[in-house]
Structures are given as structure tokens and as C-alpha cells.
Amino acid sequence: MIKAKKAGQLIVISSPSGGGKGSVINGLLKNDSKNRWLSVSTTSRKIRANDIPGVTYNFVTKEEFEQKIKEGYFLEYTNYVGNYYGTPKEFIKEKLDAGIDVILEIEIEGASNIKKLIPEAIFIFIMPPSLRVLIERLKKRNTDDKDKILERFHTAYKEINEVTKYNYVVVNDILEEAIEKVEAIIKAEKCRIDRIEEVYLDTKEEEIHELLMDDKDFQNDNLSQKIN
Ligand code: 5GP
């Protein structure tokens with residue numbers, strides 16, 4: 001009786017470094033790897049020990065990145081803490097057309113550029129429970145030197161103030177609960193009235209009449225008079 005849009009949804013997830021969006025996204029992909037796809041960004045930043053080229057990012061030089069900008073390769077890109085990051089256009093449309101939800105894990109400026117291009121995307125901000133927890137997480141990652149950690153912390157502090165640009169905010173204190181909340185958001189978004197293409201009645205009025213007349217619970221009820 002209801003025909004919903006088949007197209008997948010574009011889900012934009014941001015959080016400051018140390019906010020825990022990576023773990024939340026891993027959880028989402030684990031829950032439904034068939035119908036969800038995480039876009040792999042291109043970056044000019046240095047490879048870290050836990051990076052897997054082609055999986056966590058496609059790594060290029062600054063010059064290669066700038067060439068790709070010229071070629072119109074990116075849906076959006078930004079310069080974040082001194083490095084380029086960009087979302088390639090390729091695959092996104094075909095995945096969405098095939099009914100697969102596409103997840104973009106990007107920072108706030110990229111998210112606001114996507115909002116201009118695709119306002120119907122879902123914008124979710126993953127928030128650390130406190131600034132103290134955030135700095136502890138940044139220190140624990142042990143991937144950056146002190147100056148870089150401080151720079152990331154300041155950037156994160158500024159980003160948290162931009163949370164109102166998003167549709168949803170999820171505090172990532174207990175990971176499983178944060179994942180559950182994001183799942184609930186995605187589920188609810190699929191029921192939005194603007195995703196319903198058509199509401200149709202597949203039974204004619206006369207057929208409904210006959211259906212009720214045949215029903216023994218209604219037979220002695222003078223139904224035909226009531227309906228007519
Ligand atoms: P990291 O260096 O920690 O991997 O990422 C730094 C920031 O860049 C994170 O907030 C991450 O979400 C963001 N980022 C990663 N890929 C992209 C992208 O393609 N576009 C934008 N705008 N930001 C990205």
C-alpha cells in the first residue's frame with residue numbers, strides 16, 4: 001500500500017578527532033555491510049601506523065591532490081590542519097541509485113558543503129562526553145606529537161560549537177549505545193514522509209464492501225445500510 005523511495009541515503013557523520021566516529025561507523029558497517037558503503041576519501045596527509053592505503057584513505061601528494069581538484073574529481077574537499085581531504089565523486093551516485101546507504105566520514109566544513117549540494121542528506125554529529133575525555137583520547141592515540149595534539153584539540157573545540165548545523169547529535173560515551181542511537185536515526189529517516197513516493201489503495205471500494213459482507217462478524221449487522 002505504500003511505495004517508498006528505493007534510493008539509498010547519504011549519511012554524513014562528523015566529530016572532532018577523538019570523538020569516536022570511526023568506532024561508531026565500524027559498528028554501523030558491521031551491522032549491515034550489504035546495504036551500507038563507506039566512501040574512501042583522498043588525502044595529502046602522512047600515512048599513520050594504523051592506516052591501510054586504499055582502505056582508510058587514498059594517499060596522494062599535495063600536488064596530486066591539487067591536480068585532482070582541477071579535474072573536478074571531488075564532490076567536496078577541504079584543507080584541515082594543514083592537509084587536504086576530499087570525497088571523490090565516483091561510486092556515490094551509483095551506490096545511492098542501487099539502494100545502498102552511503103556514509104561520508106568528513107569534517108564540518110566538508111559537511112556544510114555537502115549540505116549545500118544535497119540538503120536531504122542526514123547530518124549526524126558524534127560528540128565526545130567531555131573535553132577531558134577528548135584530550136585523553138587524543139593523547140592515547142599516540143599518533144601525533146604534542147603540538148599536533150594541541151592543534152587538533154583546538155580545532156575540535158571550535159568544531160563542537162558548530163554542532164547546531166547538524167540534524168542530530170549523539171554523545172559517544174558508551175560505544176554500543178551510540179551505535180544504537182545512530183541506527184535509530186537511520187531507521188526513522190527511512191520512514192520520513194518525503195521518502196514515500198506513493199500511497200495507493202490496491203482494493204476497490206466494491207471489493208471492500210464484498211469483503212465485509214462475507215465476514216461473518218458483520219453479516220447480521222445491517223452492514224449494507226450502514227455503508228451506503
Ligand atoms: P584524520 O587525519 O584524523 O584521519 O582526519 C582528520 C579529519 O578529516 C577528520 O575529521 C575526518 O573526518 C576528516 N575527513 C576525512 N576525510 C575527509 C573528506 O573527504 N572530506 C572532508 N571534508 N573531511 C574529511
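**View 1. Phe65 and Tyr84, two buried residues.** In this predicted model, Phe65 is buried, as is Tyr84, where buried means under 20% relative accessible area, exposed means over 50%, and partly exposed lies in between (1.4 Å probe, protein chains only). Residues are numbered from 1 along each chain as its sequence is written, and side-chain values use heavy atoms, with hydrogens and water left out. Because the model is predicted, local features need pLDDT of at least 70 and side-chain atom pairs count only at pLDDT 80 or more, whereas totals for chains, interfaces and linings use all residues. The structure holds 10 aromatic pairs. In one of them, the ring centres of Phe65 and Tyr84 are 4.7 Å apart and the planes meet at 5°, so this pair is stacked. The two partners come from distant parts of the chain, 19 residues apart, with Phe65 in helix α2 (residues 62–70) and Tyr84 in strand β7 (residues 83–88).

**View 2. Phe125 and Tyr166, an edge-to-face pair.** The ring centres of Phe125 and Tyr166 lie 5.2 Å from each other, with 65° between the planes. This pair also links distant parts of the chain: Phe125 belongs to strand β9 (residues 122–127), Tyr166 belongs to the loop between α6 (146–160) and β10 (168–171), and the two are 41 residues apart. Rings of Phe, Tyr and Trp (its six-membered ring) pair if their centres lie within 6.5 Å, and planes under 30 degrees apart count as stacked, over 60 as edge-to-face and the rest as tilted. Phe125 has a relative accessibility of 1% and therefore counts as buried, and Tyr166, at 8%, is buried as well.

**View 3. One aromatic cluster of five named residues.** The rings of Phe65, Tyr73, Phe74, Tyr77 and Tyr84 form one aromatic cluster, which includes both partners of the stacked pair in the opening view.

View 4. Val81 has a phi near 45°, a positive value in a residue other than glycine, and Val81 sits in the loop between β6 (74–80) and β7. With a relative accessibility of 14%, Val81 counts as buried. Phe91, also a residue other than glycine, has a positive phi near 80° and is found in the loop between β7 and α3 (92–97). Phe91 is partly exposed, with a relative accessible area of 41%. Helices (H or I, at least four residues) and strands (E, at least two) are DSSP runs, numbered from the N terminus.

**View 5. Asp97 and Gln9, separated in sequence.** Asp97 lies in helix α3 and, at 45% relative accessibility, counts as partly exposed. Although Asp97 and Gln9 are 88 residues apart in sequence, their C-alpha atoms are 9.5 Å apart in space.

**View 6. The setting of these close-ups in the protein.** The secondary structure of the protein comprises nine helices and 11 strands, and 37% of its 228 residues count as buried. Of the contacts (heavy atoms within 4.5 Å) with a separation of 6 or more, 67% are between residues 24 or more positions apart. Along the principal axes, the C-alpha atoms fill a box of roughly 85 × 40 × 30 Å.
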